[in-house]
Amino acid sequence: MKRIISAVILMAAMCVSVTAQELSNFNFGGRGQQVRSPEINGEKVTFRLNANYATVVQLQGNWLGQAVAMQKGQNGVWEVTLDTPSPEIYTYNFVVDGVSVNDPQNYMVQRDGTRYLNMLMVPGERTENYFEAGQRGTVSYKWYDSEILGINRRLTVYTPYGYEKNTRKKYPVLYLLHGAGGDEEAWTSMGRTAQILDNLIEKGLAQPMIVVMPNGNPGQQAAATLGLPEKQIQRGDPSMTDAYVKSLCTEIVPFIEKEYRVIAKPESRAIAGLSMGGGHTITASNLYPEMFDWICPLSAAGSSTADQIKALKKAGVKLYFLACGTDDFLWNGSVTLDRTMTDCGLEHTFFKSDGGHVWANWRLYLNTFAQLLFK
């Protein structure tokens, strides 16, 4: 028995030693100094990479016009110091001898399709709700069967702080849709949905709500990271026209209203989406004008006719929040939709922002319209 115990202790010690060695490879330079990256110091931010073997190292960032050269210092640690960009969430990576690599010192990453990118989170007024709140809700996954699409599918659900404790309270629901190239994790990974809702609810700026984030790719069972086979959808098949939107409204909504404590009424249902998801939002409101009282297409790839807008007006929509960046390639479509709603006498909000078709805008939009819902 003593030999067994000794062997277990030895194995545990070896595991700790290996773990510590692996961590040292990532966290320290040649002389034991800790490598910090990124490091924000007021108006400057420094990026570092321990890569003694490299000959050329560059920094790429979505706020930079082009890659920036890094300089090799003592012990093979490369670094570059730049002006800190304005408060927002940025993505970056290193290019080491022509190969793109992530920053091993930065655990903050987001997934964009099949790419994992490091995040540079610059604090400030614009980003104050993008960081963790004191009272946090729960993000979970649910599977449901879609007869329309013929597959078992996964969606992401955010429930607000206190949902599990107060088993009598019912909540309104926001159905939040991603864009092309995204999946059911896009809004939580890149959109910071949980953090934004947690902060707004904790501050009393938004009503506690459930947020449902489905997968808008009709052939996918779930995000590609799960490695599940994708069903080939015949988009030319008339039976598949608007199949995902029909599944959303006739399968997902009833599923959520059965599985969660929700207020199953139009005044307690909201729908919003970006780009492709904005198009899905518009299509859902066109096909089912009495289902959602709160409609928020963002940088939307879609349109509505005058008759469809009049149907929404007749249904008594409480909020139509249209948002787009002035440099967005879909800007003209939003302008046209705004004009149609104005001509039809539908009261609405046209929220205009700088910039283009980017997550910096979509996070801003969510942080803005979430404060208007269900009030």
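This is a predicted model: local features need pLDDT of at least 70, side-chain atom pairs count only at pLDDT 80 or more; totals for chains, interfaces and linings use all residues.

User: Which side chain does Glu39 meet in a salt bridge?
Analyst: That's Arg48, with an N to O distance of 2.7 Å.

User: Is Arg48 buried or exposed?
Analyst: Arg48 counts as buried, because its relative accessibility is 17% and the cut-off for buried is under 20%. Glu39 comes out at 23%, so it counts as partly exposed.

User: What about Arg111, which residue does it pair with?
Analyst: Arg111 forms a salt bridge with Glu185, at 2.5 Å from N to O. Arg111 sits in strand 9, while Glu185 is in the loop between strand 13 and helix 2, so the pair ties together parts 74 residues apart in sequence. Both residues are buried.

User: Which residue forms a salt bridge with Glu184?
Analyst: Arg154 does, and the closest N and O atoms are 2.8 Å apart. This pair also links distant parts of the chain: Arg154 is in strand 12 and Glu184 is in the loop between strand 13 and helix 2, 30 residues apart. Glu184 and Arg154 are both buried.

User: Which residues do the shared partners join into one network?
Analyst: Arg111, Arg154, Asp183, Glu184 and Glu185, through salt bridges that share partners.

User: Switching topic: where is Leu155?
Analyst: Leu155 is in strand 12, which covers residues 151-159. Its relative accessible area is 0%, so Leu155 is buried.

User: What does Leu155 touch?
Analyst: Leaving out residues up to four places away in sequence, its contacts include Tyr141, Glu184, Met213 and Ile256.

User: Last one, Val253. Where is it, and is it buried or exposed?
Analyst: Val253 is in helix 4, residues 243-259. With a relative accessible area of 2%, Val253 is buried. Not counting residues up to four places away, Val253 touches Tyr175, Leu248, Arg269, Met291 and Phe292.

User: And what separates Val253 from Cys324?
Analyst: Their C-alpha atoms are separated by 27 Å, and the two residues are 71 apart along the chain.

How values were computed. Residues are numbered from 1 along each chain as its sequence is written. Side-chain values use heavy atoms; hydrogens and water are left out. Helices (H or I, at least four residues) and strands (E, at least two) are DSSP runs, numbered from the N terminus. Buried means under 20% relative accessible area, exposed over 50%, partly exposed in between (1.4 Å probe, protein chains only). Contact means heavy atoms within 4.5 Å. A salt bridge is a side-chain nitrogen of Lys or Arg within 4 Å of a carboxyl oxygen of Asp or Glu.
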